[in-house]
Amino acid sequence: MSFDAPTIDYAGLSPVIALTVGLVVIVLAAVFDSVRRFGPALALLTYAVTAGCLIWQWNANLDLVSGSLRIDGLAVTLSLLAVIAAAVAVLLAIGDPSETQAGRSDWLALLTGSLLGMVILAQATSMLTFFVGLELLSIPLYALCGTNLRRRESLESGLKYLIVGSVGSATLLYGLAMIYGASGATGFQAISDGLQAGDGMLSDSLTLVGVGMVAVGLAFKVSIAPFHQWTPDVYQGAPTPVTAFMAVATKAAAFAVFIRFFLVALGPLADQWDVMLAALAALSIVVGNVGALAQTSLKRMLGYSGVAQAGYMLAGIVTATQAGVDALVFYLAAYVAMNVAAFAVVVIRERQNGFSDDISTLRGLGREKPLLAWPLTIAMLALAGLPPTAGFIGKLYLIEALVDDDWTWLAVMIAIGTMISLGYYLRVVATLWMSPAGQAEAGAEIDTASLPPQIAGAQADPFEDSRADRRWYLVAPALIATAAALFFGVIPQPLVDFAQHAGDALSVWIS
Amino acid sequence: MEQVAFFVGAIGALGAAFAVVIVKNPFYSVLALVIHLVFLAGIFLLLMAQFLAAALIVVYAGAVMVLYVFVAAYVGGIEEPKWDSSPELRIVGPILAVALFIAISIAVLGSGLSALGTPGPDDVPAGFGTPEAVGHLMMEDFLIAFEAASLLLLVAAVAAIVLAGRRREDRKKQLTGGEGA
């Protein structure tokens, strides 16, 4: 046997290479004291180069390294969203207790490792890269959730995420093994061919159980009900910059592989899985929106709202059409903007209020600090799907794609979910603008007192920062994301082109 | 010759597996598990799965067992309180174990044994399962997954250091706090 080295297209692989080099440099930087303080700059530079490589490969459409990866519109667009989310997380984490306590370089190395997993996952076209990419995404995230080392909730959320995430991964791996058994292939295209060539394999119970288990495993990752129970707890306990990254980037990467695996590898089975996914989406919309109504913690509420939003996005896959994928990617991009704006404000408020994210801490913010109140207001209105925001256009596209493909009942579910969601999104807006400013201090005091006991037991939290609302690295992400959510609500065409670029990549497989 | 080797391997593997459960001292339990794995590797060799046999020895008998030995040595000396299982669990446990045994037996008798005594499926390529074939797969078809797995180990090591650093710091705090009081 001779060794046949696989052909490697370095241009196509450049985003992955850039991130890997950046990761290694960041890990090495931990050793040298003099470089350590430039960690965030180093990480941002890495992400900028990666984004540059992705844009350079914008029109690429080819398989890489014997069909392990594929760089195409879908991979490029969703990787870009993940890279943006990671850059925002780096900015929001400057001065955060989690980043300082874990060691700046270590924290950034974990973030970069997770991002690398996402970029690999978005390009994966083989079950092996799919699984390894997913683990590379997840394992650093488990640790990142626990990096707020002085808070019990943070450690608890890390442990919870580890256990639930491992159950999800195990289920997924089991399902992948069954699909391999049914199709005899690991490449996505080869699985599709193998399933169609096999005698009666399309309706064999082995295949169907495998498809079900893969769907469950991925549902754990994107927090689709009824596999969402970890989401509120982990979102609340994790350091907020990590929550922001997790909420946005994990969804982008996991939905990329969700789209690719179900539409390419399991495309021939679309008639079997669409009802199952539609039921999951509908359940997610109901459970997420109803669950969010009763929350008093802002991060917890955003966790439940994330479950509902994942339900809306899953509806895009249900249609198994290009219009559905376009709508999903558009919604994901809008979701990034809306959530970044919301979480950035939460980070700022937390630092000013002894790390409490209770909704009552927002009282009177509209009069005191309109520069903080407006981004959160617009983020909430966008998440609720009101015009003129990108969230409204996103929902419109999703509903249009669903109705065109005779999924009217699911479109109605989205509309009903939106109605319920107004109940909790508008409550935040009301708290921001209506309550008299005089109550703000009283509310803040109560919250500081009711704070959970800290492990260190220090009197004054050294990470509190009363001037957090003037730090450019915290305010800029909020303002830019808000501007984006508004801009693409008024002029959606650039974002529509962006989303269609992703959908076009799948034009061979779906109509 | 083959049959002798199989029965030696099978009896050894079963006997050692029983010993793992029966032996009182956890340290001997771990050693019995190592013996079990060595016999199991022998059976894999009989099945011409050289790579699996070698990986089993290196990963399980080597790395994982060393971990177990460390754990046994670390906490083994402490007299553990006997775990009190609830009466329901004491009844349900054995029932579940027997049910699982019956289910596996049905599965094995129903399908696996029909292939016994035959050379196995015909469409297996020559050299399947050898270290050489596995190496080719790793370096040719699945190069990216292989490399990504190494990066996964790197970030996992970083994650372990971050989380272990917390314990070290906390202990330092506890020690200095204790002195102050």
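1. Contact means heavy atoms within 4.5 Å. By this rule, 37 residues of chain A and 24 residues of chain B take part in the contact.

2. This is a predicted model, in which local features need pLDDT of at least 70 and side-chain atom pairs count only at pLDDT 80 or more, while totals for chains, interfaces and linings use all residues. Residues are numbered from 1 along each chain as its sequence is written, chains are lettered from A and ligands numbered from 1 in the order in which they are written, and side-chain values use heavy atoms, with hydrogens and water left out.

3. Chain A and chain B bury about 2600 Å² between them, 78% of it on carbon and sulfur atoms; buried area is the accessible area (1.4 Å probe) that two parts lose on being put together, summed over both. Across this interface there are 0 salt bridges, a salt bridge being a side-chain nitrogen of Lys or Arg within 4 Å of a carboxyl oxygen of Asp or Glu.

4. Within chain A, A:Asp233 forms a salt bridge with A:Lys160 (2.7 Å, N to O) and another with A:Arg300 (2.8 Å, N to O). A:Asp233 is partly exposed because its relative accessibility is 25%; buried means under 20% relative accessible area, exposed over 50%, and partly exposed in between (1.4 Å probe, protein chains only).

5. A further salt bridge joins A:Lys299 and A:Glu350 (3.7 Å, N to O). Both A:Lys299 and A:Glu350 are buried. Salt bridges with shared partners also connect A:Asp63, A:Arg70, A:Asp72 and A:Arg260 in one network.
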